[in-house]
Protein chains: 2
Amino acid sequence: MKLGRLNHVGIAVPSIAAALENYKALYGVVDDDITPVRDMPEQGVKVAFIDIPNSQLELIEPLGEASPIHKFLEKNPAGGQHHVCFEVPEIYAARDAMKAQGATVLGEPRIGAHGTLIIFVHPKNSNGVLIELMETPKGDH
Amino acid sequence: MKLGRLNHVGIAVPSIAAALENYKALYGVVDDDITPVRDMPEQGVKVAFIDIPNSQLELIEPLGEASPIHKFLEKNPAGGQHHVCFEVPEIYAARDAMKAQGATVLGEPRIGAHGTLIIFVHPKNSNGVLIELMETPKGDH
């Protein structure tokens, strides 16, 4: 297992719309840099990506009462860095490698916001950082 | 002002040495991916960078009693995501643009770990995310 590209930094926010206004005003983000806001009910979140020259920021807003982001936003009401996502060539191989090293993989491989399989590795295994591993989109890069 | 490359994600850790062992065991990082650990007494931190194909992770450990990282590690004893750093072409122009938008810039431009000028923008201005802006190293990219 070897980390591939840093696909995105995930940032939890109370409102994607408000966060986008801020990124436009302060950091020169324009509409062409932003993917449409998308509901992901199976994950309990809404997401939008901001394209950066070499990577992306993923803005994450809670969707529904059971959203896993509510707890994070209770602790960090303004929002904050939520996870870092790296690409890997094959998610099941990555999952097996993580487990073989004794890491705690959260849930089974499932389809993420980029349409490829993802897993999350518990923050306790990576110095408090929640790490998402994402199968590299086919045809990308 | 327009965000350039995502230069690195800054991760505060209680021990860079222990964190590196973890990244080697779990994420396939090898010695060639890691910059030597460097003391930055003027910032109150030790740092080491891990090269990722398109970016870097910056591991930050407190140096000295007055380190600005102690407070973060009190709240997050295992460590955690500390800041995100984007490149900009010219730091004084970026600083002026931030201030013109009413953002709180922390301190004056100063030399950062990559040898170019940096500033930090207060987390309250960016949904709880501490953002570092770094003048793009000359000759890079």
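**Exercise 1.** How many salt bridges are there between chain A and chain B? Count them and describe one.

*Solution.* Start with the ground rules: this is a predicted model, in which local features need pLDDT of at least 70 and side-chain atom pairs count only at pLDDT 80 or more, while totals for chains, interfaces and linings use all residues. Residues are numbered from 1 along each chain as its sequence is written, chains are lettered from A and ligands numbered from 1 in the order in which they are written, and side-chain values use heavy atoms, with hydrogens and water left out.

Step 1: apply the criterion, a side-chain nitrogen of Lys or Arg within 4 Å of a carboxyl oxygen of Asp or Glu. The count between the two chains is two.

Step 2: pick an example. Lys2(A) and Asp33(B) are joined through their side chains, at 2.6 Å from N to O.

**Exercise 2.** Describe the interface between chain A and chain B by contacts, area and composition.

*Solution.* Step 1: list contacts (heavy atoms within 4.5 Å). On this basis 42 residues of chain A touch 44 residues of chain B.

Step 1: take the area, meaning the accessible area (1.4 Å probe) that two parts lose on being put together, summed over both. Chain A and chain B bury about 3500 Å² between them, and carbon and sulfur atoms give 58% of that. Tyr27(A), Gln81(A) and Asn127(A) supply 23% of what chain A buries against chain B, more than any other three residues.

Step 2: look for polar contacts, which are pairs of N or O atoms within 3.5 Å; within protein, one must be able to donate a hydrogen and the other to accept it, and residues adjacent in sequence count only if both atoms are side-chain atoms. Between the chains, 17 residue pairs qualify, both partners at pLDDT 80 or more.

Step 3: β1 (6–12), α1, β4 (55–62) and β5 (80–88) of chain A each supply at least two residues.

Step 4: sort that side by class, with Ala, Val, Leu, Ile, Met, Phe, Trp, Tyr, Cys and Pro as nonpolar, Asp, Glu, Lys and Arg as charged, and the others, Gly among them, as polar.

**Exercise 3.** Find the aromatic pairs over all chains.

*Solution.* Step 1: compare rings of Phe, Tyr and Trp (its six-membered ring), which pair if their centres lie within 6.5 Å; planes under 30 degrees apart are stacked, over 60 edge-to-face and the rest tilted. The search gives two pairs.

Step 1: in chain A, Tyr23(A) and Tyr27(A) make a tilted pair, 5.4 Å centre to centre with 40 degrees between the planes. Both belong to helix α1 (residues 16–27), four residues apart, about one turn of the helix.

Step 2: check burial (buried is under 20% relative accessible area, exposed over 50%, partly exposed in between; 1.4 Å probe, protein chains only). Tyr23(A) is buried because its relative accessibility is 1%, and Tyr27(A) is buried at 0%.

Step 3: turn to chain B, where Tyr23(B) and Tyr27(B) form a tilted pair at 5.4 Å and 40 degrees. Both are buried.

**Exercise 4.** Where does Asn125(B) lie, and what does its side chain reach?

*Solution.* Step 2: its side chain reaches the backbone nitrogen of Thr104(B) at 2.8 Å. Step 3: beyond neighbours within four places in sequence, the contacts of Asn125(B) include Asn22(A) and Leu26(A).
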